[in-house]
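My entries are below, in the order I made them.

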Amino acid sequence: MKEKINILLLGSGGRECAMAWKISRSPRLDTLYVAPGNAAPYGTRVALDPMDFPAVKNFVEEKNIDMIVVGPENPLVGGIADFFADSEVKVIGPKADGARLEGSKEFAKEFMVRHGIPTARFMSVTEETLEQGMHFLESLQPPYVLKADGLAAGKGVIILDSLADAKDTLSDMLSGMFGSASATVVIEEFLSGIECSVFVVTDGEDYKLLPVAKDYKRVGEGDTGPNTGGMGSVSPVAFADEVFMEKVVQRIVEPTLKGLKAEGIHYKGFIFLGLINVEGNPMVIEYNVRMGDPETEVVMPRLKSDLVDLLEGVADETLSIKQVEEDPRAAVSVMLTSAGYPGDYQKGKMMTLPGQGDVLRFHAGTRLDEQGNVLTAGGRVMALTAYGTDIAAAAAKALAEAERVDFDGKYFRRDISRDLQAM
């Protein structure tokens with residue numbers, strides 16, 4: 001590749017903002033474009049729809065883009081890497097065959113079974129097999145886990161305590177609750193334990209692990225209320241010690257990569273392993289084929305290595321000679337959300353952003369008005385990430401910043417990381 005490269009980052013959320021912040025710090029970078037981006041100051045915003053592949057191609061040719069970094073899952077599942085397969089531009093992300101790990105819960109679960117990767121018992125159900133699905137629910141102990149097979153914007157997983165509610169919800173999902181995404185529903189046995197997120201970057205042959213993180217999905221403190229896209233995150237994770245991570249590598253990471261190769265899938269990009277620690281043993285809850293959100297908002301700050309250098313290793317299949325160095329400090333991210341999220345919420349609220357200290361502000365749902373003011377533009381508005389000597393210190397700094405940044409209807413959880421502080 002050239003001495004300095006032009007990068008197009010696709011996406012508009014907190015994940016992409018954290019990646020843009022990290023990419024912008026690289027000496028390998030010439031120009032960074034973010035499409036469509038948000039109000040964050042990292043990179044040049046471009047009014048492009050990441051799903052409009054021909055428009056993306058025109059921009060790539062016009063601006064001499066060397067690398068496309070795909071933030072969200074939809075373009076990957078939709079085949080953007082396939083679209084650019086014959087182009088000189090390097091796409092960071094798997095082709096559509098690999099993206100099925102996230103695009104189809106059914107495919108992912110059956111892949112795990114084929115390759116002996118530990119996961120919960122499950123059954124895939126369609127309208128034609130609804131009766132068998134009801135019997136499978138009856139064989140499980142509560143709570144009951146129902147997952148839309150396809151992409152549902154992070155909202156396709158429902159956990160219910162009542163068997164009657166689970167049966168009703170299964171029928172509703174198959175009847176179109178999530179559109180075509182829930183034409184097939186995966187019923188899973190509920191696993192009890194603490195979750196964590198492990199991030200693998202691979203060039204199809206070799207791999208590296210990024211800092212481990214944990215996110216907080218429920219909207220309410222004490223992990224109560226409905227699931228969200230994530231209310232905060234923390235890294236490192238106390239229980240993900242050397243012994244646990246060796247099990248992750250041996251039982252999950254390497255069998256996953258070997259399984260992809262065995263099935264003829266040349267996978268290049270990120271693999272997000274949503275794991276649960278069941279009595280010291282890791283089991284897979286889900287695969288994602290991109291970085292997680294809001295975990296990226298703590299993973300990128302803890303990654304001391306040059307991200308662009310790592311991504312070039314993915315593109316050129318030279319990842320084996322790259323190094324991943326972690327910042328020894330802890331990082332905690334607290335997400336500011338709009339009142340009512342994950343239900344109905346209002347947009348367009350003026351944000352007050354006092355002078356910034358050493359707490360990182362990763363924009364998620366924001367936009368600029370014509371006067372340059374920052375307005376809210378989503379349910380999750382901004383992730384505030386702080387470093388600390390330990391997670392308690394980092395959390396205290398992030399929460400103090402959450403009090404300072406303001407907008408009408410602001411909400412955030414004050415207990416992010418508290419469950420890990422005693423470990």
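The notes that follow take the helix, then the pocket, then the salt bridges.

**Set-up.** I worked on a predicted model, where local features need pLDDT of at least 70 and side-chain atom pairs count only at pLDDT 80 or more, while totals for chains, interfaces and linings use all residues. Residues are numbered from 1 along each chain as its sequence is written, and side-chain values use heavy atoms, with hydrogens and water left out.

**Helix α6.** I took helices (H or I, at least four residues) and strands (E, at least two) as DSSP runs, numbered from the N terminus. I looked up burial in α6, residues 105-114, and found Lys105, Phe107, Ala108, Lys109, Phe111 and Met112 buried. Buried means under 20% relative accessible area, exposed over 50% and partly exposed in between, with a 1.4 Å probe and protein chains only. The buried residues of α6 pack against α5, β6, β7, β9, α9 and β17. Just after α6, I noted a positive phi of about 65° at Gly116.

Glu106 also belongs to α6, but is partly exposed, at a relative accessible area of 25%. Beyond its neighbours within four places in sequence, I found Glu106 in contact (heavy atoms within 4.5 Å) with Ser124, Asp149, Thr184 and Val186. Its C-alpha lies 9.2 Å from that of Phe122, 16 residues apart in sequence.

**Second largest pocket.** I looked up its lining and found 15 residues, with Ala81, Ala85, Val91, Lys95 and Lys268 nearest the centre. A pocket is an open set of points on a 1 Å grid over the protein atoms alone, where a 1.4 Å probe fits, with protein on both sides within 12 Å along at least five of seven lines; lining residues have an atom within 4 Å of a point.

**Salt bridges.** I searched the whole structure and got 28 salt bridges, each a side-chain nitrogen of Lys or Arg within 4 Å of a carboxyl oxygen of Asp or Glu. One of them joins Arg28 and Glu312 at 2.4 Å, N to O. Arg28 sits in the loop between α1 and β2 and Glu312 in helix α11, so the pair ties together parts 284 residues apart in sequence. Both residues, Arg28 and Glu312, are buried.

I then checked Arg290 and Glu102, whose side chains meet at 2.6 Å, N to O. This pair links the loop between β17 and α10 with helix α5, 188 residues apart. Glu73 joins Glu102 and Arg290 in a network of salt bridges.
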